[in-house]
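Biologist: Could you take me through this model one question at a time?

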Amino acid sequence: MAVNPQAMRSLLKVYFIMGSTNCCQNPENVLQAAIKGGITLFQFREKGAGCLYGKEKESLAKKLQAICKQSNIPFIVNDDIELAVKINADGVHIGQDDEAADVVRRKIGSKILGVSVHSMQEAETAIRQGADYIGIGPIYPTSTKADAKAVQGLTFLTELRSADIQIPVVGIGGITSENASPLIEAGADGVSVISAISQADSPEKAAAKLYDAVNRIMRNAH
Ligand SMILES: Cc1ncc(COP(=O)(O)OP(=O)(O)O)c(N)n1
Ligand SMILES: Cc1ncsc1CCOP(=O)(O)O
Ligand SMILES: [Mg+2]
């Protein structure tokens with residue numbers, strides 16, 4: 001763990017994830033609007049059919065990183081540890097099919113490390129190997145990730161919190177401002193979304209709605 005858990009929890013409230021293939025508009029404009037709306041953390045996830053590679057990917061990453069920097073939004077890179085280190089991103093997010101968390105921790109030093117987990121065993125390993133937060137999901141059905149695991153609802157999150165595992169947790173998969181409530185009530189520290197913001201007519205309004213919903217639910221739940 002490299003980041004203070006309380007600070008990490010605040011950053012996870014509205015965690016926007018996006019790459020060029022997720023946007024119907026220019027990704028820079030989408031990110032700028034999402035930041036105006038109130039997102040608290042950003043993950044660059046350049047992945048899937050038609051995505052950018054090499055220099056083009058790096059160039060977009062740097063543009064989006066600069067936008068985040070202007071507003072003090074930490075910039076996380078999905079999967080690509082080399083890119084994250086090269087451009088000095090604020091952190092990385094890895095899953096179970098990526099490099100092991102302890103290996104990644106050694107490569108990134110004190111940057112933020114997020115790990116996707118789907119079971120108690122994976123969660124315990126991620127914590128032992130230095131994760132700052134874990135991502136769990138898909139909570140609801142999603143069409144954004146073709147190879148997503150089976151929908152898990154709130155079962156695993158509930159099991160995790162019942163076992164008194166306190167690591168910061170963010171939920172992912174099919175989350176909107178309308179269905180975020182049970183997730184936060186079950187103990188998540190925030191929501192991570194792709195399409196709810198990137199596919200919205202107004203990414204700014206969509207981000208603001210999510211921000212308001214999460215804060216309202218947290219006030220009532222805790
Ligand atoms: C916050 C967050 N949670 C989960 C994921 C999914 O990671 P992973 O399972 O490695 O799948 P890909 O995103 O790499 O396709 C995530 N990216 N972010
Ligand atoms: C990256 C990822 N990992 C699990 S579900 C998912 C996709 C989330 O996208 P959306 O918020 O559009 O359902
Ligand atoms: Mg991954």
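Biologist: What ipTM does the predictor give the complex?
Modeller: This is a predicted model, so confidence comes first. The chain averages a pLDDT of 97, and 100% of the residues score at least 70. For the complex, the predictor gives a pTM of 0.98 and an ipTM of 0.99.

Biologist: How many strands form the closed barrel?
Modeller: The barrel runs S1-S2-S3-S4-S5-S6-S7-S8, and the pairing is parallel. Neighbouring strands in this sheet are turned against each other by 25 degrees on average, direction ignored. The number of strands in the closed barrel is eight.

Biologist: Is the crossing of H2 and H10 left-handed or right-handed?
Modeller: Helix H2 spans residues 27–37 and helix H10 spans residues 203–221; their axes come within 7 Å and cross at roughly 35 degrees. The crossing of H2 and H10 is right-handed.

Biologist: By class, which residues make the contact of H2 with H10?
Modeller: H2 contributes Val 30, Ala 33, Ala 34, Lys 36 and Gly 37, while the residues from H10 include Pro 203, Glu 204 and Tyr 211. By class, the contact has one polar, three charged and eight nonpolar residues.

Biologist: Which strands each supply at least two residues of the shell around ligand 1?
Modeller: There are 18 residues around ligand 1, and the nearest are Gly 95, Ser 116, Gly 135, Ile 172 and Ser 192. By class, this shell around ligand 1 has eight polar, five nonpolar and five charged residues. The strands that each supply at least two of its residues are S1, S4, S5 and S7.

Biologist: How many charged residues are in the shell around ligand 2?
Modeller: Ligand 2 is surrounded by 14 residues, with Thr 142, Thr 144, Gly 173, Ile 194 and Ser 195 the closest. The shell around ligand 2 has seven nonpolar and six polar residues, and the number of charged ones is one.

Biologist: Where does Pro 138 lie?
Modeller: Most peptide bonds are trans. The bond from Gly 137 to Pro 138 is cis, with omega near 0 degrees. Pro 138 lies in the loop between strand S6 and helix H7.

Biologist: What is the phi of Asp 79?
Modeller: Most residues other than glycine have a negative phi. Asp 79 lies in the loop between S3 and helix H4. Asp 79 is not a glycine, yet its phi is positive, at about 70 degrees.

Conventions: Residues numbered from 1 in each chain as written. Chains lettered and ligands numbered in written order. Predicted model: local features only at pLDDT ≥ 70, side-chain atom pairs only at ≥ 80, totals over all residues. Near = placed C-beta within 6 Å. Helix = DSSP H or I, 4+ residues; strand = E, 2+ residues; numbered from the N terminus. Nonpolar A, V, L, I, M, F, W, Y, C, P; charged D, E, K, R; others polar. pLDDT = per-residue confidence, 0-100. Axes fitted to C-alpha atoms, helices over the stretch in contact; angles between N-to-C directions. Left-handed = near helix turned anticlockwise from the far one by under 90°. Contact = placed C-beta atoms within 7 Å. Pairing = 2+ DSSP bridges.
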